[in-house]
Amino acid sequence: CKIYKIHIILVLMFELFFFSADCGQANLNTRIVGGQDAPAGFWPWQVSLQTSAHFCGGSLINNQWVLTAAHFLGLQITTLIVHPNYNSVTADNDIALLQLSSQVTFNNYITPVCLPSTNSTFYSGVNTWVTGWGNIGTGVSLPAPQTLQEVQVPIVGNRQCKCSYSSITDNMVCAGLLAGGKDSCQGDSGGPLVIKQNNRWIQAGVVSFGNGCALPHFPGVYTRVSQYQTWINTQITTNQPGFITFTSTGTDSDLSVSCPGVPPINTTATTITTTTTYVFQVCIFPAAVVCGQATLNSRVLSGSSVVTAGQWPWMASLQKNGQHVCGGTLIALDSVLSDANCFTSPPVASEWTVVLGRLKQNGSNPFEVSLDVTNITLSNQTGSNVAVLQLSTPPPLNNYIQPICLDNGRTFTVGTTCWAAGWSSGRGGNEQLMQEFQTSVLDCGTTSTSDSICTEIFTLEQVNDKTMN
(Lines give C-alpha, C1' and ligand atoms only; values in the text may rest on other atoms or scores of the structure.)
Protein backbone atom coordinates (compact mmCIF):
# COMPACT_ATOMS: atom_id res chain seq x y z
CA CYS A 1 0.00 0.00 0.00
CA LYS A 2 1.18 3.50 -0.73
CA ILE A 3 1.64 5.82 2.23
CA TYR A 4 0.53 9.34 1.46
CA LYS A 5 1.32 12.47 3.40
CA ILE A 6 -1.95 14.18 4.25
CA HIS A 7 -1.88 17.90 4.92
CA ILE A 8 -4.45 19.22 7.38
CA ILE A 9 -5.49 22.72 6.40
CA LEU A 10 -7.15 24.65 9.21
CA VAL A 11 -9.19 27.02 7.14
CA LEU A 12 -9.32 30.79 7.34
CA MET A 13 -6.47 31.39 9.78
CA PHE A 14 -5.96 35.13 10.04
CA GLU A 15 -4.86 37.35 12.91
CA LEU A 16 -4.74 35.82 16.39
CA PHE A 17 -7.22 36.72 19.11
CA PHE A 18 -6.68 34.53 22.12
CA PHE A 19 -9.70 33.46 24.11
CA SER A 20 -11.06 30.51 26.04
CA ALA A 21 -10.25 27.11 24.51
CA ASP A 22 -13.74 25.80 25.34
CA CYS A 23 -15.35 23.90 22.51
CA GLY A 24 -18.25 24.91 20.30
CA GLN A 25 -17.74 28.67 20.28
CA ALA A 26 -17.93 30.53 16.99
CA ASN A 27 -17.49 34.18 17.95
CA LEU A 28 -17.99 35.43 14.41
CA ASN A 29 -21.10 33.31 13.67
CA THR A 30 -24.26 35.27 14.48
CA ARG A 31 -26.73 33.12 12.89
CA ILE A 32 -22.81 21.88 -0.54
CA VAL A 33 -25.74 21.58 -2.64
CA GLY A 34 -28.28 24.35 -2.45
CA GLY A 35 -25.94 26.14 -0.03
CA GLN A 36 -24.15 29.46 0.10
CA ASP A 37 -20.73 30.96 0.81
CA ALA A 38 -19.77 30.85 4.48
CA PRO A 39 -18.34 34.09 5.96
CA ALA A 40 -14.84 33.94 7.37
CA GLY A 41 -14.72 32.48 10.87
CA PHE A 42 -18.28 31.17 10.90
CA TRP A 43 -17.18 27.54 11.14
CA PRO A 44 -13.81 27.71 12.90
CA TRP A 45 -13.51 23.93 13.44
CA GLN A 46 -13.79 23.10 9.73
CA VAL A 47 -10.79 21.19 8.34
CA SER A 48 -9.69 20.44 4.77
CA LEU A 49 -7.82 17.15 4.25
CA GLN A 50 -5.46 17.47 1.30
CA THR A 51 -2.82 15.55 -0.63
CA SER A 52 -2.17 17.75 -3.65
CA ALA A 53 -5.69 19.13 -3.43
CA HIS A 54 -8.75 18.98 -1.16
CA PHE A 55 -10.39 15.55 -1.09
CA CYS A 56 -12.18 15.29 2.25
CA GLY A 57 -13.47 17.31 5.20
CA GLY A 58 -12.99 17.04 8.93
CA SER A 59 -13.49 18.90 12.19
CA LEU A 60 -11.08 20.03 14.90
CA ILE A 61 -12.13 18.48 18.24
CA ASN A 62 -9.20 19.62 20.42
CA ASN A 63 -5.80 21.22 19.86
CA GLN A 64 -4.27 18.12 18.22
CA TRP A 65 -7.04 15.84 16.93
CA VAL A 66 -9.35 15.92 13.91
CA LEU A 67 -12.56 13.90 13.50
CA THR A 68 -13.38 12.63 10.02
CA ALA A 69 -14.86 9.70 8.08
CA ALA A 70 -13.19 6.35 7.56
CA HIS A 71 -14.39 5.74 4.01
CA PHE A 72 -11.90 7.93 2.15
CA LEU A 73 -9.24 5.27 2.81
CA GLY A 74 -7.01 3.78 0.25
CA LEU A 75 -4.73 6.20 2.04
CA GLN A 76 -2.76 5.10 5.06
CA ILE A 77 -0.86 7.32 7.44
CA THR A 78 0.55 6.62 10.85
CA THR A 79 -1.60 9.26 12.57
CA LEU A 80 -4.90 7.83 11.37
CA ILE A 81 -7.12 5.76 13.69
CA VAL A 82 -10.07 4.10 11.93
CA HIS A 83 -12.90 2.64 13.97
CA PRO A 84 -12.20 -1.11 14.26
CA ASN A 85 -15.76 -2.03 13.25
CA TYR A 86 -15.91 0.15 10.16
CA ASN A 87 -17.79 -1.72 7.39
CA SER A 88 -16.94 -0.46 3.92
CA VAL A 89 -19.98 -2.22 2.41
CA THR A 90 -22.68 -0.81 4.72
CA ALA A 91 -20.72 2.32 5.83
CA ASP A 92 -21.50 1.42 9.44
CA ASN A 93 -19.07 2.96 11.97
CA ASP A 94 -17.76 5.36 9.31
CA ILE A 95 -15.58 7.40 11.64
CA ALA A 96 -11.86 8.04 12.08
CA LEU A 97 -9.46 10.21 14.10
CA LEU A 98 -6.36 12.04 12.84
CA GLN A 99 -3.63 13.24 15.18
CA LEU A 100 -1.82 16.41 14.14
CA SER A 101 1.99 16.59 14.19
CA SER A 102 1.85 19.60 16.51
CA GLN A 103 -0.71 21.45 18.59
CA VAL A 104 -2.64 24.36 17.09
CA THR A 105 -3.30 27.72 18.72
CA PHE A 106 -6.95 28.68 19.03
CA ASN A 107 -8.28 32.04 17.85
CA ASN A 108 -11.47 33.46 16.35
CA TYR A 109 -10.85 31.44 13.18
CA ILE A 110 -9.59 28.15 14.67
CA THR A 111 -11.72 26.62 17.44
CA PRO A 112 -12.68 23.04 18.33
CA VAL A 113 -16.29 21.91 18.01
CA CYS A 114 -18.13 20.21 20.89
CA LEU A 115 -19.20 16.59 20.55
CA PRO A 116 -22.55 15.10 21.64
CA SER A 117 -22.69 12.86 24.70
CA THR A 118 -23.95 9.30 24.41
CA ASN A 119 -27.44 10.15 25.72
CA SER A 120 -28.06 12.94 23.19
CA THR A 121 -31.30 12.95 21.20
CA PHE A 122 -31.78 14.39 17.71
CA TYR A 123 -35.48 14.47 16.89
CA SER A 124 -36.84 14.68 13.38
CA GLY A 125 -37.09 18.28 12.15
CA VAL A 126 -34.26 19.74 14.27
CA ASN A 127 -32.30 22.16 12.06
CA THR A 128 -28.60 21.51 11.46
CA TRP A 129 -25.80 23.01 9.37
CA VAL A 130 -23.41 21.15 7.05
CA THR A 131 -20.21 22.74 5.72
CA GLY A 132 -17.59 21.75 3.17
CA TRP A 133 -15.79 22.32 -0.12
CA GLY A 134 -17.45 19.42 -1.93
CA ASN A 135 -19.36 19.35 -5.21
CA ILE A 136 -22.30 21.73 -5.57
CA GLY A 137 -24.18 19.14 -7.64
CA THR A 138 -23.66 15.60 -8.87
CA GLY A 139 -20.39 15.79 -10.83
CA VAL A 140 -20.26 19.60 -10.49
CA SER A 141 -17.16 20.89 -8.69
CA LEU A 142 -17.20 23.96 -6.46
CA PRO A 143 -16.03 26.80 -8.74
CA ALA A 144 -13.12 29.12 -7.98
CA PRO A 145 -12.30 30.66 -5.56
CA GLN A 146 -13.78 27.57 -3.85
CA THR A 147 -15.18 29.38 -0.82
CA LEU A 148 -16.34 27.16 2.04
CA GLN A 149 -20.06 26.34 1.59
CA GLU A 150 -22.76 26.08 4.24
CA VAL A 151 -26.29 24.70 4.02
CA GLN A 152 -29.06 24.28 6.60
CA VAL A 153 -30.93 20.96 6.59
CA PRO A 154 -33.32 19.37 9.11
CA ILE A 155 -32.79 16.03 10.84
CA VAL A 156 -34.70 13.18 9.20
CA GLY A 157 -35.58 10.48 11.73
CA ASN A 158 -34.03 7.04 11.27
CA ARG A 159 -37.43 5.40 10.66
CA GLN A 160 -38.18 7.86 7.85
CA CYS A 161 -34.64 7.46 6.54
CA LYS A 162 -35.03 3.66 6.43
CA CYS A 163 -37.92 4.21 4.01
CA SER A 164 -35.23 5.40 1.55
CA TYR A 165 -32.17 3.41 2.65
CA SER A 166 -32.50 -0.13 3.97
CA SER A 167 -29.00 -0.08 5.49
CA ILE A 168 -29.57 2.65 8.12
CA THR A 169 -28.32 1.64 11.58
CA ASP A 170 -28.42 3.24 15.03
CA ASN A 171 -24.87 4.47 14.34
CA MET A 172 -26.20 6.79 11.64
CA VAL A 173 -28.25 9.97 11.56
CA CYS A 174 -29.90 11.46 8.46
CA ALA A 175 -30.50 15.08 7.47
CA GLY A 176 -31.96 16.75 4.41
CA LEU A 177 -35.14 17.82 2.69
CA LEU A 178 -37.47 15.05 1.52
CA ALA A 179 -38.25 17.35 -1.41
CA GLY A 180 -34.53 17.44 -2.25
CA GLY A 181 -32.49 20.46 -3.27
CA LYS A 182 -30.13 20.80 -0.28
CA ASP A 183 -27.48 18.29 0.74
CA SER A 184 -23.84 17.48 1.26
CA CYS A 185 -22.07 15.94 -1.74
CA GLN A 186 -18.85 14.29 -2.93
CA GLY A 187 -15.87 16.04 -1.35
CA ASP A 188 -17.82 16.94 1.80
CA SER A 189 -17.17 13.47 3.27
CA GLY A 190 -15.75 13.52 6.77
CA GLY A 191 -17.01 17.04 7.41
CA PRO A 192 -19.26 18.15 10.26
CA LEU A 193 -23.03 18.29 10.68
CA VAL A 194 -23.52 20.72 13.59
CA ILE A 195 -26.38 21.93 15.81
CA LYS A 196 -26.42 24.95 18.13
CA GLN A 197 -27.58 24.63 21.74
CA ASN A 198 -27.22 27.39 24.34
CA ASN A 199 -24.58 29.25 22.28
CA ARG A 200 -22.50 26.09 21.82
CA TRP A 201 -22.07 24.26 18.54
CA ILE A 202 -22.23 20.48 18.77
CA GLN A 203 -21.25 18.07 15.99
CA ALA A 204 -24.13 15.63 15.58
CA GLY A 205 -22.78 13.85 12.52
CA VAL A 206 -19.90 13.16 10.14
CA VAL A 207 -20.70 13.32 6.41
CA SER A 208 -20.81 9.67 5.30
CA PHE A 209 -22.88 8.73 2.20
CA GLY A 210 -26.04 9.30 0.19
CA ASN A 211 -27.83 8.36 -3.02
CA GLY A 212 -26.55 11.05 -5.36
CA CYS A 213 -26.75 14.59 -4.02
CA ALA A 214 -29.94 16.41 -2.96
CA LEU A 215 -32.28 13.93 -4.64
CA PRO A 216 -35.92 13.89 -3.43
CA HIS A 217 -36.58 11.29 -0.69
CA PHE A 218 -32.87 10.57 -0.26
CA PRO A 219 -31.46 12.69 2.60
CA GLY A 220 -27.76 12.69 3.40
CA VAL A 221 -26.53 10.02 5.82
CA TYR A 222 -24.08 10.90 8.58
CA THR A 223 -22.18 8.96 11.24
CA ARG A 224 -23.97 9.58 14.58
CA VAL A 225 -21.11 10.96 16.70
CA SER A 226 -22.93 10.46 20.04
CA GLN A 227 -22.51 6.69 19.58
CA TYR A 228 -18.73 7.03 19.83
CA GLN A 229 -18.02 8.98 23.03
CA THR A 230 -16.39 5.97 24.72
CA TRP A 231 -14.35 5.07 21.66
CA ILE A 232 -13.10 8.64 21.13
CA ASN A 233 -12.13 9.03 24.78
CA THR A 234 -10.32 5.69 24.64
CA GLN A 235 -8.17 6.94 21.76
CA ILE A 236 -7.62 10.48 23.09
CA THR A 237 -6.52 9.99 26.68
CA THR A 238 -5.24 13.52 27.41
CA ASN A 239 -6.91 16.85 26.74
CA GLN A 240 -10.08 15.00 25.78
CA PRO A 241 -12.70 16.67 23.55
CA GLY A 242 -15.64 18.43 25.13
CA PHE A 243 -18.82 16.34 25.18
CA ILE A 244 -22.23 17.99 25.73
CA THR A 245 -25.65 16.35 25.90
CA PHE A 246 -27.91 17.63 23.13
CA THR A 247 -31.54 17.30 24.17
CA SER A 248 -34.40 17.63 21.69
CA THR A 249 -37.63 19.04 23.11
CA GLY A 250 -41.17 17.78 22.56
CA THR A 251 -41.80 14.37 21.04
CA ASP A 252 -40.18 12.71 18.07
CA SER A 253 -42.58 12.66 15.11
CA ASP A 254 -40.42 9.95 13.55
CA LEU A 255 -42.06 7.43 15.90
CA SER A 256 -45.28 7.64 13.91
CA VAL A 257 -43.58 6.94 10.55
CA SER A 258 -44.16 3.61 8.82
CA CYS A 259 -43.60 2.42 5.29
CA PRO A 260 -42.89 -0.88 3.49
CA GLY A 261 -40.05 -2.47 5.43
CA VAL A 262 -40.58 -0.16 8.43
CA PRO A 263 -43.60 -1.49 10.38
CA PRO A 264 -45.48 0.70 12.88
CA ILE A 265 -44.13 0.76 16.42
CA ASN A 266 -45.94 -1.75 18.61
CA THR A 267 -47.35 -0.03 21.65
CA THR A 268 -47.80 -1.92 24.90
CA ALA A 269 -51.38 -2.12 26.14
CA THR A 270 -52.39 -2.16 29.75
CA THR A 271 -55.83 -2.79 31.23
CA ILE A 272 -57.23 -0.06 33.47
CA THR A 273 -59.98 -1.18 35.83
CA THR A 274 -61.71 1.49 37.89
CA THR A 275 -64.71 -0.55 39.09
CA THR A 276 -66.03 -4.05 38.56
CA THR A 277 -68.46 -2.68 36.00
CA TYR A 278 -66.10 -1.21 33.43
CA VAL A 279 -62.80 -2.22 31.85
CA PHE A 280 -61.10 -0.61 28.86
CA GLN A 281 -57.61 -0.43 27.39
CA VAL A 282 -55.35 2.55 26.84
CA CYS A 283 -52.06 2.26 24.97
CA ILE A 284 -48.91 3.31 26.83
CA PHE A 285 -46.37 5.36 24.90
CA PRO A 286 -43.03 3.96 23.84
CA ALA A 287 -40.35 5.29 26.19
CA ALA A 288 -39.19 7.96 23.72
CA VAL A 289 -42.60 9.68 23.51
CA VAL A 290 -43.06 12.49 26.04
CA CYS A 291 -46.57 13.63 26.92
CA GLY A 292 -47.75 17.10 27.90
CA GLN A 293 -45.43 19.07 25.62
CA ALA A 294 -46.90 22.26 24.10
CA THR A 295 -43.92 24.02 22.50
CA LEU A 296 -46.02 26.88 21.11
CA ASN A 297 -47.84 27.56 24.40
CA SER A 298 -45.71 30.01 26.36
CA ARG A 299 -48.42 32.31 27.69
CA VAL A 300 -50.00 32.62 31.13
CA LEU A 301 -53.59 33.78 30.78
CA SER A 302 -56.42 35.03 32.90
CA GLY A 303 -60.01 34.89 31.71
CA SER A 304 -61.02 33.53 28.32
CA SER A 305 -59.22 34.11 25.05
CA VAL A 306 -59.06 33.05 21.41
CA VAL A 307 -56.48 30.30 20.94
CA THR A 308 -53.62 30.35 18.42
CA ALA A 309 -52.39 27.32 16.47
CA GLY A 310 -50.44 24.83 18.60
CA GLN A 311 -51.46 26.27 21.99
CA TRP A 312 -53.30 23.08 23.02
CA PRO A 313 -51.87 20.42 20.67
CA TRP A 314 -53.75 17.50 22.29
CA MET A 315 -57.19 18.94 21.52
CA ALA A 316 -59.38 16.82 19.26
CA SER A 317 -62.60 17.56 17.42
CA LEU A 318 -64.90 14.51 17.52
CA GLN A 319 -67.07 14.53 14.42
CA LYS A 320 -70.09 12.43 13.51
CA ASN A 321 -70.90 12.26 9.82
CA GLY A 322 -68.60 15.26 9.23
CA GLN A 323 -70.07 17.54 11.93
CA HIS A 324 -68.33 18.56 15.18
CA VAL A 325 -70.14 17.06 18.18
CA CYS A 326 -67.70 16.98 21.10
CA GLY A 327 -64.17 17.78 22.11
CA GLY A 328 -61.57 15.27 23.21
CA THR A 329 -57.88 14.91 24.06
CA LEU A 330 -55.14 12.78 22.52
CA ILE A 331 -53.84 10.59 25.38
CA ALA A 332 -51.79 8.00 23.47
CA LEU A 333 -50.46 7.36 19.99
CA ASP A 334 -53.79 5.78 19.00
CA SER A 335 -56.30 6.85 21.68
CA VAL A 336 -58.51 9.88 22.36
CA LEU A 337 -60.36 10.51 25.63
CA SER A 338 -63.80 12.16 25.70
CA ASP A 339 -67.20 12.17 27.45
CA ALA A 340 -69.35 9.06 27.22
CA ASN A 341 -72.46 11.28 27.03
CA CYS A 342 -71.42 12.29 23.49
CA PHE A 343 -72.33 8.83 22.22
CA THR A 344 -75.36 6.62 21.93
CA SER A 345 -75.02 3.13 23.38
CA PRO A 346 -73.71 1.09 21.70
CA PRO A 347 -71.76 3.65 19.60
CA VAL A 348 -71.02 2.96 15.93
CA ALA A 349 -67.32 3.67 15.40
CA SER A 350 -67.59 3.96 11.60
CA GLU A 351 -69.82 7.05 11.97
CA TRP A 352 -67.06 8.98 13.76
CA THR A 353 -63.79 10.67 12.82
CA VAL A 354 -61.27 12.50 15.00
CA VAL A 355 -59.63 15.70 13.77
CA LEU A 356 -56.30 16.68 15.39
CA GLY A 357 -54.30 19.88 14.89
CA ARG A 358 -57.50 21.88 14.28
CA LEU A 359 -57.87 25.53 15.34
CA LYS A 360 -60.95 26.72 13.40
CA GLN A 361 -64.19 24.84 12.88
CA ASN A 362 -64.81 27.05 9.84
CA GLY A 363 -61.80 27.97 7.69
CA SER A 364 -58.36 26.71 6.78
CA ASN A 365 -56.39 24.51 9.19
CA PRO A 366 -53.02 23.71 7.56
CA PHE A 367 -51.83 21.48 10.42
CA GLU A 368 -54.89 19.30 10.90
CA VAL A 369 -55.14 15.55 10.39
CA SER A 370 -58.42 13.61 10.14
CA LEU A 371 -58.36 9.99 11.36
CA ASP A 372 -60.95 7.22 11.29
CA VAL A 373 -62.14 5.61 14.51
CA THR A 374 -61.96 1.82 14.78
CA ASN A 375 -63.45 1.31 18.26
CA ILE A 376 -65.25 3.31 20.97
CA THR A 377 -65.30 2.05 24.54
CA LEU A 378 -67.67 3.62 27.08
CA SER A 379 -67.30 3.42 30.83
CA ASN A 380 -70.28 2.23 32.87
CA GLN A 381 -70.17 4.03 36.19
CA THR A 382 -72.63 5.96 38.31
CA GLY A 383 -72.12 9.67 37.70
CA SER A 384 -69.38 10.90 35.37
CA ASN A 385 -68.51 8.66 32.47
CA VAL A 386 -65.69 8.67 29.94
CA ALA A 387 -65.14 7.28 26.47
CA VAL A 388 -61.97 6.12 24.76
CA LEU A 389 -61.77 6.23 20.95
CA GLN A 390 -59.19 4.05 19.22
CA LEU A 391 -57.74 5.64 16.08
CA SER A 392 -57.13 3.73 12.85
CA THR A 393 -53.49 4.96 12.63
CA PRO A 394 -51.18 7.02 14.87
CA PRO A 395 -51.11 10.72 13.92
CA PRO A 396 -47.88 12.50 12.97
CA LEU A 397 -46.52 14.23 16.10
CA ASN A 398 -45.35 17.82 15.69
CA ASN A 399 -45.79 21.23 17.34
CA TYR A 400 -49.52 21.10 16.57
CA ILE A 401 -50.32 17.49 17.49
CA GLN A 402 -49.08 16.15 20.83
CA PRO A 403 -50.48 13.81 23.51
CA ILE A 404 -51.53 15.05 26.97
CA CYS A 405 -50.40 13.39 30.20
CA LEU A 406 -52.99 11.72 32.44
CA ASP A 407 -53.13 12.47 36.17
CA ASN A 408 -52.35 8.90 37.33
CA GLY A 409 -54.61 9.20 40.38
CA ARG A 410 -53.13 12.38 41.86
CA THR A 411 -55.28 14.92 43.69
CA PHE A 412 -55.50 18.66 43.02
CA THR A 413 -55.71 21.05 45.93
CA VAL A 414 -58.34 23.78 46.16
CA GLY A 415 -57.08 26.88 44.36
CA THR A 416 -54.98 25.02 41.78
CA THR A 417 -54.99 26.95 38.48
CA CYS A 418 -56.28 25.03 35.48
CA TRP A 419 -57.36 25.67 31.91
CA ALA A 420 -60.14 24.38 29.70
CA ALA A 421 -60.23 24.56 25.92
CA GLY A 422 -62.82 23.76 23.30
CA TRP A 423 -65.13 25.01 20.60
CA SER A 424 -67.96 26.89 22.33
CA SER A 425 -71.33 27.36 20.69
CA GLY A 426 -71.67 30.96 19.53
CA ARG A 427 -68.06 31.88 20.37
CA GLY A 428 -64.93 32.36 18.31
CA GLY A 429 -66.48 34.48 15.56
CA ASN A 430 -67.46 33.29 12.11
CA GLU A 431 -64.50 30.92 12.01
CA GLN A 432 -65.49 29.40 15.38
CA LEU A 433 -61.93 29.45 16.68
CA MET A 434 -61.07 27.29 19.65
CA GLN A 435 -61.57 29.05 22.99
CA GLU A 436 -59.58 28.72 26.20
CA PHE A 437 -60.50 29.63 29.75
CA GLN A 438 -58.45 29.87 32.92
CA THR A 439 -60.17 28.76 36.10
CA SER A 440 -59.29 27.17 39.44
CA VAL A 441 -60.16 24.11 41.50
CA LEU A 442 -62.95 24.50 44.10
CA ASP A 443 -64.13 22.37 47.00
CA CYS A 444 -66.87 20.12 45.60
CA GLY A 445 -68.58 19.76 48.99
CA THR A 446 -70.27 16.60 50.25
CA THR A 447 -72.60 16.07 47.28
CA SER A 448 -69.88 15.18 44.81
CA THR A 449 -68.32 11.78 44.19
CA SER A 450 -64.65 11.20 44.87
CA ASP A 451 -63.79 11.03 41.17
CA SER A 452 -64.99 14.59 40.44
CA ILE A 453 -63.03 17.83 40.13
CA CYS A 454 -65.00 21.02 40.62
CA THR A 455 -64.01 24.41 39.18
CA GLU A 456 -65.32 27.93 38.93
CA ILE A 457 -68.10 28.24 36.35
CA PHE A 458 -67.04 28.87 32.76
CA THR A 459 -68.80 28.54 29.41
CA LEU A 460 -67.49 25.90 27.03
CA GLU A 461 -70.55 24.21 25.59
CA GLN A 462 -70.50 21.47 23.01
CA VAL A 463 -72.49 21.79 19.80
CA ASN A 464 -75.20 19.55 21.25
CA ASP A 465 -75.76 22.19 24.00
CA LYS A 466 -74.44 19.96 26.78
CA THR A 467 -72.47 21.91 29.40
CA MET A 468 -69.07 20.26 29.71
CA ASN A 469 -67.16 21.45 32.80
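Author: Two strands are said to pair if DSSP finds at least two bridges between them. The model is a predicted one, and that rule applies to strand β20 (residues 323-332) and β21, which pair in the antiparallel sense over three bridges.

Reader: Through how many residues does a hairpin join β20 to β21, and which residue in β21 stands opposite Ala332?

Author: The two strands pair in the antiparallel sense, and the hairpin that joins β20 to β21 runs through two residues. Across from Ala332, the residue that stands opposite in β21 is Ser335.

Reader: With which other strand does β21 pair over five bridges, and what is the bridge partner of Asp339 there?

Author: Strand β21 pairs in the antiparallel sense, over five bridges, with strand β24 (residues 386-391). In β24, the bridge partner of Asp339 is Val386.

Reader: Why is strand β21 described as largely enclosed by the rest of the structure?

Author: A residue counts as buried when its relative accessible area is under 20%. Strand β21 spans residues 335-339, and it is largely enclosed by the rest of the structure because the number of its five residues that are buried is four.

Reader: How many disulfides does the model hold, and what is the handedness of the link of Cys23 and Cys114?

Author: Taking a disulfide as a pair of cysteine sulfur atoms within 2.5 Å, the count comes to five. One of them is formed by Cys23 and Cys114, with sulfur atoms 2.0 Å apart. Cys23 is buried at a relative accessible area of 12%, and Cys114 is buried at 0%. The angle about the S-S bond of Cys23 and Cys114 is 95°, and the link is right-handed.

Reader: How many residues apart in sequence are the parts that Cys163 and Cys259 tie together?

Author: Cys163 and Cys259 form a disulfide with their sulfur atoms 2.0 Å apart, and with -105° about the S-S bond their link is left-handed. Cys163 lies in the loop between α1 (158-162) and β11 (172-175), whereas Cys259 lies in the loop between β15 (243-244) and β16 (268-275), so the parts that the pair ties together are apart in sequence by 96 residues.

Reader: What is the handedness of the disulfide of Cys326 and Cys342, and where in the chain do the two cysteines lie?

Author: A disulfide joins Cys326 to Cys342, at 1.9 Å from S to S. The torsion about the S-S bond of Cys326 and Cys342 is about -100°, so the disulfide is left-handed. The pair links distant parts of the chain, 16 residues apart, with Cys326 in strand β20 and Cys342 in the loop between β21 and β22 (352-356).

Reader: Are Cys326 and Cys342 buried or exposed?

Author: The cut-off for buried is a relative accessible area under 20%. Cys326 has a relative accessible area of 1% and Cys342 has one of 9%, so Cys326 is buried and Cys342 is likewise buried.

Reader: How many aromatic pairs does a search of the whole structure find, and is the pair of Tyr165 and Phe218 stacked or edge-to-face?

Author: The search of the whole structure finds six aromatic pairs. Planes over 60 degrees apart count as edge-to-face. Tyr165 and Phe218 lie 5.4 Å centre to centre with 75° between the planes, and their pair is edge-to-face.

Reader: Which residues form one aromatic cluster with Phe209?

Author: Tyr165 is buried, with a relative accessible area of 8%, while Phe218 is partly exposed at 25%. Together with Phe209, the cluster is formed by Tyr165 and Phe218.

Reader: What is the volume of the second largest pocket, and which element gives the most to its lining?

Author: The second largest pocket has a volume of about 460 Å³. Its lining is made up of 23 residues, with Phe122, Asn158, Asp170, Arg224 and Asp252 lying nearest the centre. By class, the lining of the second largest pocket has ten nonpolar, eight polar and five charged residues. The element that gives the most to this lining, with three residues, is β11.

Definitions and conventions: Residues numbered from 1 in each chain as written. Predicted model: local features only at pLDDT ≥ 70, side-chain atom pairs only at ≥ 80, totals over all residues. Heavy atoms only, no water. Buried < 20%, exposed > 50% of the residue type's maximum accessible area, 1.4 Å probe, protein only. Phe/Tyr/Trp six-rings, centres within 6.5 Å; stacked < 30°, edge-to-face > 60°. 1 Å grid on protein atoms, 1.4 Å probe; cavity = no way out; pocket = protein on both sides within 12 Å on 5 of 7 lines; lining within 4 Å. Points joined across faces, edges and corners; volume = space filled by probe spheres on them. Nonpolar A, V, L, I, M, F, W, Y, C, P; charged D, E, K, R; others polar.
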